[in-house]
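Colleague: I have the sequence and the model open side by side. Can you walk me through them?

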Amino acid sequence: MSEILIVGGGLSGAALAAALLERSRPGSAVRIIEPRPELGRGLAYSSPLPGHLLNAEAYRFSLQPDDPDHFLHWLARHFAEGGWPEAPADLRNAYVPRAIMGLYARHVLAQAAARGAERGASLEHVQREAVDLNVAEQGRAVLTLADGQSLAGDAVVLATGLFPAVRALRDDPRPGLPRRILHDPWDPAAIGALPKDGAVAIVGSGLSMVDAVVSLEQAGHRGPIHVISRHGQVAHPRRAAPAGPDALKDETAESLVRLLRKVRRLCRVEQVKGGDWQSVVDPIRPHIARLWSEASDEVRRRFVRHLRPWWESHHHRSPPESGALVASLRAAGRLSVRAATIHAIRQAADGMVTIELRDRHASAPAVLHVDAVINSSGIEYDWTRVRHAFPRNLLRRGHVRPGPVGLGIDADAGGAVIGRSGRPSGRLFALGPPLRGLWWESTAVPDIVAQAGALADRLAGLPPTAVPILPVRQRQAAG
């Protein structure tokens, strides 16, 4: 395949484009369709605030699979050039601002594009939004853009990244109201315009909530903060705990609920011994894709329904500095966490917002009055709920179908999308967050780098050099 169209220019799209360009032949072309002006940033790395940090140490974020210290070497040069004056002495274990990670992704892509150009390959950034797709298995794939133009390619890759969940909030359509219902916790201008002493409600208690609190703090906010989520589980701060026992090394996926209960039990044992429960959680990360892919849909549904909040808050932990800010505000009484379900949000003519909710285990509804609401309800992985035109049209045409237990979209183990026909496509592929239903964890940098390398091999028609994320049984069947 000589012409590849990549829909989405965040980290997933940039990583795949770089991998393709490193494998390119004369005349091959990679086009990234991304409305943002810069590639490599996407939703995750577009925030300009220095307080919005990566949620793990820098040594985990290399975009070069054959050089695990690539990001560290680049970071050292970036520091030496004055790009990060506040950098700590220990860069390896530093929690880096996400804006800097976006710069690094751009650098990796630019280097790959330069090497590709030497071989006669090209990279083009099409700064528009894709809205529709026609796929002809024996012909070419044609993308329709928002301005009515079309692009044709041998293959289209869905690197659409993350869609923010917005269904918990509704904008008030009345004109003239001050902007007090915010859907972007990473918009410093909008958050800076909120009343400094006003009460703010944050919907959601995960990592997006932590970022919203950081945004408020850096904007000089001094009022009370009400965090509302169904389960009230707040992301724990990450600590540098030594690696503990590999609790799931020899386990099977007959019951993910039983396995997570085992992990919780081992965490309690570790705490009784005076250790850190995080030393138990971290070593199970390499087994997640295998266990999830081997589990039945019923087992997966039980996990999502009953144990997902515990897993999200304990595995997807916040940077220590951000976690310490949340803890200090809670200790001071300025920030409270409320386990409740929101029924309605209404904004009055004076700008005040009324939230109708029901606290968990409460028999009667309650009302909360605040000056503003910030939507930090996380990521929407169910494509049937995403409001954007492109995923809606893909579903309508049958090019894609919902993934296992309604998470993301369906695909084979190598990223070929499975649509309404039930067969893997020869023209449409995906990587990263859209494959959440296949691997459960499909958003971290190591996941995306591995998927990008394997998919680039496949699209370039080369023997695989990257190890795809495959369940054990499928690896054996494939030889």
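Modeller: A definition to begin with: two strands pair if DSSP finds at least two bridges between them. Helices (H or I, at least four residues) and strands (E, at least two) are DSSP runs, numbered from the N terminus. This is a predicted model, so local features need pLDDT of at least 70 and side-chain atom pairs count only at pLDDT 80 or more, while totals for chains, interfaces and linings use all residues. Residues are numbered from 1 along each chain as its sequence is written, and side-chain values use heavy atoms, with hydrogens and water left out.

Colleague: Fine. What is the order of the seven strands in the open sheet?

Modeller: The order is β8-β14-β9-β10-β11-β12-β13, and the pairing is mixed.

Colleague: Which strands stand at the edges?

Modeller: β8 (181-182) and β13 (366-370) do. Each has a single partner strand, so one side of each has no neighbour in the sheet. For β13, the pairing with β12 (residues 353-359) is antiparallel, over five bridges.

Colleague: Why remark on that?

Modeller: Because most residues other than glycine have a negative phi.

Colleague: Is His-361 buried or exposed?

Modeller: Exposed, with a relative accessible area of 76%. Buried means under 20% relative accessible area, exposed over 50%, partly exposed in between (1.4 Å probe, protein chains only). Val-405 also has a positive phi, of about 50°. Val-405 lies in the loop between α12 (389-397) and β15 (416-418) and is partly exposed at 23%.

Colleague: New topic. At what angle do the axes of α1 and α3 cross?

Modeller: Roughly 25°, and the axes of α1 (residues 11-22) and α3 (residues 98-118) come within 8 Å. That makes α1 roughly parallel to α3; angles under 35 degrees count as roughly parallel, over 145 as roughly antiparallel, 65 to 115 as roughly perpendicular and the rest as oblique.

Colleague: What kinds of residue make up that contact of α1 with α3?

Modeller: Eleven nonpolar, one polar and two charged. Ala, Val, Leu, Ile, Met, Phe, Trp, Tyr, Cys and Pro count as nonpolar, Asp, Glu, Lys and Arg as charged, and the others, Gly among them, as polar.

Colleague: And where does α1 stand relative to α14?

Modeller: α1 is oblique to α14. The axes of α1 and α14 (residues 445-460) cross at roughly 40° and come within 8 Å. From α1 the contact includes Leu-16 and Leu-20, and from α14 it includes Ile-448 and Leu-455. The residues of this contact of α1 with α14 are eleven nonpolar, one polar and no charged.

Colleague: Last one. Where is Ala-235?

Modeller: In the loop between β10 and α6 (256-272). Ala-235 is buried, at 8% relative accessibility. Leaving aside neighbours within four places in sequence, the contacts of Ala-235 are Ser-205, Gly-206, Leu-207, Ser-313, His-316 and Ser-318.

Conventions: Axes are lines fitted to C-alpha atoms, for helices over the stretch in contact, and angles run from 0 to 180 degrees between N-to-C directions. Contact means heavy atoms within 4.5 Å.
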